[in-house]
Amino acid sequence: MVGLIGGMSWESSAQYYRLINEQVREARGGVHSARLLMWSFDFAQIEALQAAGDWDGAGTLLVDAAQRLELAGASAVVICTNTMHRLADTVQAAIDVPLLHIADPTATAVKAAGIQRIGLLGTAFTMEQAFYTGRLERQHGLQVVVPDAADRALVHRVIYEELVRGHVLPASREAYRGVMRRLVQRGAQGIILGCTEIMLLVTDEDASVPLFDTTALHAQAAAQHLLAQR
């Protein structure tokens with residue numbers, strides 16, 4: 001059984017639930033579905049802590065959620081958001097079951113595609129802080145390219161003002177296409193959609209290089225963990 005820490009935002013958490021269940025049904029057939037537990041936050045609480053830079057406060061909440069999921073029987077925990085992996089080490093240290101880190105299956109897919117220099121889209125926290133780019137570079141040997149300051153601000157604004165609120169706007173899709181074009185011009189051979197809501201906005205058709213959807217890749221890792229259990 002996998003424990004999902006979701007609600008950050010629920011728009012993407014719903015995709016995790018769908019994708020994991022689809023993969024388990026495909027693998028096991030019939031009417032099989034995934035044995036899941038979900039702790040779903042009120043994202044307004046989490047977003048306020050992010051904005052205030054209160055990562056200790058956010059960490060306390062995530063640790064509590066992870067421990068409750070473990071006590072309820074989860075054999076692994078999944079944080080259903082890229083940004084909150086800033087606290088992945090804190091959460092892992094507080095539980096005895098594995099935390100399935102979102103960057104790891106993503107990096108595996110990037111390297112399997114023969115890509116070394118990878119672009120990254122996400123929240124400002126994900127693009128600018130070392131917890132994510134550092135893991136991709138140090139543990140997986142990738143070269144990470146992030147947008148320039150103006151493009152980072154645009155990508156972040158669309159996530160928080162539109163996507164987490166369920167608004168998918170054609171103008172923002174076109175703006176993201178421009179950001180991705182500029183990353184390719186700077187040598188990106190592929191692009192990581194490093195926010196779990198971005199997959200709601202863009203698809204492979206919106207870029208000239210491969211896109212790596214962290215939501216789908218993370219959900220696949222969770223499904224593989226479930227399928228390995230008997």
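## Overall form and a helix pair

The protein chain exposes about 10100 Å², of which carbon and sulfur atoms supply 50%; accessible areas come from the Shrake-Rupley method with a 1.4 Å probe. The model is predicted: local features need pLDDT of at least 70 and side-chain atom pairs count only at pLDDT 80 or more, whereas totals for chains, interfaces and linings use all residues. Residues are numbered from 1 along each chain as its sequence is written, and side-chain values use heavy atoms, with hydrogens and water left out.

Of the 230 residues, 54% count as buried, meaning under 20% relative accessible area (1.4 Å probe, protein chains only). The radius of gyration, taken over C-alpha atoms, is 17 Å, which agrees with the value near 17 Å for a compact globule with 230 residues; the globule rule is 2.2 Å times the number of residues to the power 0.38. The C-alpha trace spans about 45 × 40 × 35 Å along its principal axes.

The secondary structure comprises 10 helices and seven strands, which are DSSP runs (helices H or I, at least four residues; strands E, at least two) numbered from the N terminus. Two of the helices, α8 and α9, have axes that come within 10 Å and cross at roughly 145°; axes are lines fitted to C-alpha atoms over the stretch in contact, and angles run from 0 to 180 degrees between N-to-C directions. Contact means heavy atoms within 4.5 Å.

| Helix | Range | Residues in the contact |
|---|---|---|
| α8 | residues 149–161 | Asp151, Leu154, Val155, Val158, Ile159 |
| α9 | residues 170–185 | Ser172, Ala175, Tyr176, Val179, Arg182 |

Conventions:
Buried means under 20% relative accessible area, exposed over 50%, partly exposed in between (1.4 Å probe, protein chains only).
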